[in-house]
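Good morning, and thank you for the time. I should like to walk through one structure with you, beginning with a single contact surface and widening the view from there.

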Amino acid sequence: MALSSGTFLSILYDFDSMKFERRDIILIVGLLLFMVGLTPFSGFILALIIVILMYFGIKFYVANRQRIIKKDVGEGICMECGSKVIDKKCPNCDYSQE
C-alpha cells in the first residue's frame with residue numbers, strides 16, 4: 001500500500017501534535033494494568049505489543065479529534081446562540097441587533 005505525500009505529511013503532523021501531558025500517566029497506568037490482565041492469556045511479548053499499539057492508537061485518535069474541534073471552533077463560540085464566532089462577531093446575533 002503506497003501512501004501519498006499528503007497522507008504521509010498529515011500522519012507526521014498528527015504524531016507531532018501528540019505531546020506528553022499529565023493525563024497520559026493515567027492512560028499508561030490503565031494500559032499497564034490491562035497488560036497485566038492480558039498476560040496470562042496471550043503471553044508477555046504479545047500483551048506488550050498490543051498495549052503499545054493501543055497507546056499510540058489512542059494518542060493518534062485524541063490528537064485528530066482535538067485538531068478537528070480546534071478547526072470547528074475557530075475564534076470561539078457565541079455565548080447566546082452557540083454559533084461559530086467570525087471576525088470577533090457572531091453572524092447570527094450581530095445581524096439581528098442591527
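Let me start with helix 3, residues 44-73, which is part of what covers the buried residues of helix 2. Please keep in mind throughout that this is a predicted model.

Which residues of helix 2 are buried? They are Asp24, Leu27, Leu31, Met35 and Leu38. On helix 3, the buried residues are Ala47, Val51, Tyr55, Lys59 and Ala63.

Several of these residues come together in the largest nonpolar core, which has seven members: Leu27, Leu31, Met35, Leu38, Ala47, Val51 and Tyr55. Helix 2 and helix 3 each supply at least two residues of this core, and helix 2 gives the most, with four. As general background, nonpolar side chains in soluble globular proteins tend to be buried together. Leucine 31 illustrates the arrangement: apart from its neighbours within four places in sequence, leucine 31 is in contact with Val51, Met54 and Tyr55.

I now turn to a charged residue, aspartate 24. Its place is in helix 2. Is aspartate 24 buried or exposed? Its relative accessible area is 4%, and the cut-off for buried is under 20%, so aspartate 24 counts as buried. Setting aside neighbours within four places in sequence, aspartate 24 is in contact with Lys19, Tyr55 and Lys59.

Leucine 31 and aspartate 24 both have tyrosine 55 among their contacts. With a relative accessibility of 18%, tyrosine 55 counts as buried, because the limit is 20%. Phenylalanine 56, at 43% relative accessibility, counts as partly exposed.

The count of aromatic pairs in this model comes to one. Tyrosine 55 and phenylalanine 56 form an edge-to-face pair, because their ring centres are 5.3 Å apart and their planes stand at 75 degrees; the angle required for that class is over 60 degrees.

Next, the geometry of the two helices. Helix 2 runs over residues 23-42, which makes 20 residues. From its first C-alpha to its last, helix 2 reaches 28 Å, close to the 28 Å expected. Where does helix 2 bend? The bend is at valine 36 and amounts to about 25 degrees; a proline, proline 40, follows within four residues. Just after helix 2 comes glycine 43, with a positive phi of about 100 degrees.

Helix 3 has 30 residues, and at 1.5 Å a residue it should span 44 Å. Its end C-alpha atoms are 43 Å apart, so the span agrees with that expectation. Just after helix 3, glycine 74 likewise takes a positive phi, here about 65 degrees.

Finally, the protein as a whole. It has four helices and zero strands, and along the sequence the pattern reads α-α-α-α. Of its 98 residues, 18% count as buried. The protein exposes about 7,900 Å², and carbon and sulfur atoms supply 68% of that area. Among contacts between residues at least 6 apart in sequence, 37% join residues at least 24 apart.

Thank you for your attention.

Key: Residues are numbered from 1 along each chain as its sequence is written. This is a predicted model: local features need pLDDT of at least 70, side-chain atom pairs count only at pLDDT 80 or more; totals for chains, interfaces and linings use all residues. Side-chain values use heavy atoms; hydrogens and water are left out. Buried means under 20% relative accessible area, exposed over 50%, partly exposed in between (1.4 Å probe, protein chains only). Contact means heavy atoms within 4.5 Å. Accessible areas come from the Shrake-Rupley method with a 1.4 Å probe; for residues, only the protein chains shown count as cover. The expected span of a helix is 1.5 Å times one less than its number of residues. The bend at a residue is the angle between axes fitted to the seven residues ending there and the seven starting there. Rings of Phe, Tyr and Trp (its six-membered ring) pair if their centres lie within 6.5 Å; planes under 30 degrees apart count as stacked, over 60 as edge-to-face and the rest as tilted. A nonpolar core is a set of buried Ala, Val, Leu, Ile, Met, Phe, Trp, Tyr and Cys residues joined through side-chain atoms within 4.5 Å.
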